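Open the model in a viewer and follow the stops below. Each stop says what to select and what is there.

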Amino acid sequence: MSVGFSTFASMFRQNYEVYPRHVLCVLGSGLDFDVVEKVVAEVGGPGFSVDLEHFQQAHDPRMPRSFDASLANVSFTESDWGAVETHDSVVYVLSPPMRQNNAFDLHRRVMVGHGDGVFEEVWDRTFDVSRRMLAVTAALLRSGATAAKGESSGLAHGRERWLTLADRAAEARDREMLAVILFHAWVKRPLLDGSLLKSCGMHLLGAPDVQIDIGSPAGKPLPATLVGEVVDLIDEVALYLLTERRAREMSDGEGYRSTPDGPRWIMERHPCLGYEEDSFFFNPYGYWRFTPDEPSTSTPAEP
């Protein structure tokens, strides 16, 4: 891939007062609050908690529809759907709030309290919390829970998919491998928002989400091939953000190509305006929006 440099400085300002956190919805039959709390404390560790106020020992008729909207079909089996349909207990698990890193803040050098050298340790803690929440999810599923959904990105997986991701995360030996696993565990994509296809959940990994401007009016069906290509681009950019040091220096107006002869995109940093700051979906790191470069405004990208 190639990224062309720009003279434009980003106007985006990161709000460090917002602390992202995981909220996990867990279903089961006859779930015992004390057992859930013990598993969460032992596997999650300090800062992880179970929401007693919203613990529900009854069937919630909203859950089938909620899981269906959370891309559950991608990995759900008949057994998984049966678990959602027949559950009689609902519990919510919360991670500790995660302090923001400043890896993607181009103004970090002049910010008191957020200077260079801060972000590595903070960002690693974000990865660790997300890894531990994945471990908590697997432990609960192995202790009697039957289904789980990440409420902070609206993403659900089938039981076997959760267990596989958690096992792979536990075995990951480097940051890049862990980044890929956590991305697939917690980041939902694609979501359609007008002419944009976007991701949701990168705030749980300490990075901006990705928006791709496809230029199609809202309401028109999108070709499956187009959706697939856009998802591939979202994945490529998101993993670039999570693993490449160069991604920390990108700024508004730069060009981006996946391959030297591929289509050129113009990158713009945008705040997260689709959700309120108190929403678990809210991303304080904002979005990188990719818009196709028009021939009339195209300038060669530097190699």
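**Two packed helices**

Helix 5 passes helix 6 in a left-handed crossing, meaning that the near helix is turned anticlockwise from the far one by less than a right angle. The model is predicted, with local features needing pLDDT of at least 70 and side-chain atom pairs 80 or more, while totals for chains, interfaces and linings use all residues. Residues are numbered from 1 along each chain as its sequence is written, and side-chain values use heavy atoms, leaving out hydrogens and water. Helices are DSSP runs (H or I, at least four residues), numbered from the N terminus.

Select residues 159-171, which form helix 5. From first C-alpha to last, its 13 residues reach 19 Å, close to the 18 Å expected at 1.5 Å a residue (1.5 Å times one less than the number of residues).

Now show the side chains of Trp162, Leu163, Leu165, Ala166 and Ala169, the buried residues of helix 5. They lie on the same side of helix 5, because they cover an arc of only 165° around the axis (taken from the directions from the helix axis to the C-beta atoms). Turn to the face away from this buried side to find the exposed Glu160 and Glu171. Buried means under 20% relative accessible area and exposed over 50% (1.4 Å probe, protein chains only).

Next select helix 6, residues 175-186. Its buried residues include Leu178, Ile181, Phe183 and Trp186. At its start, a side-chain oxygen of aspartate 174 comes within 3.1 Å of the backbone nitrogen of glutamate 176.

Finally, show both helices: helix 5 and helix 6 pack at about 160°, axes 9 Å apart (lines fitted to C-alpha atoms over the stretch in contact, with angles from 0 to 180 degrees between N-to-C directions). Helix 5 and helix 6 are therefore roughly antiparallel (angles over 145 degrees).

How values were computed. Polar contact = N/O pair within 3.5 Å; in protein donor to acceptor, adjacent residues only side chain to side chain. Parallel < 35°, antiparallel > 145°, perpendicular 65-115°, else oblique.
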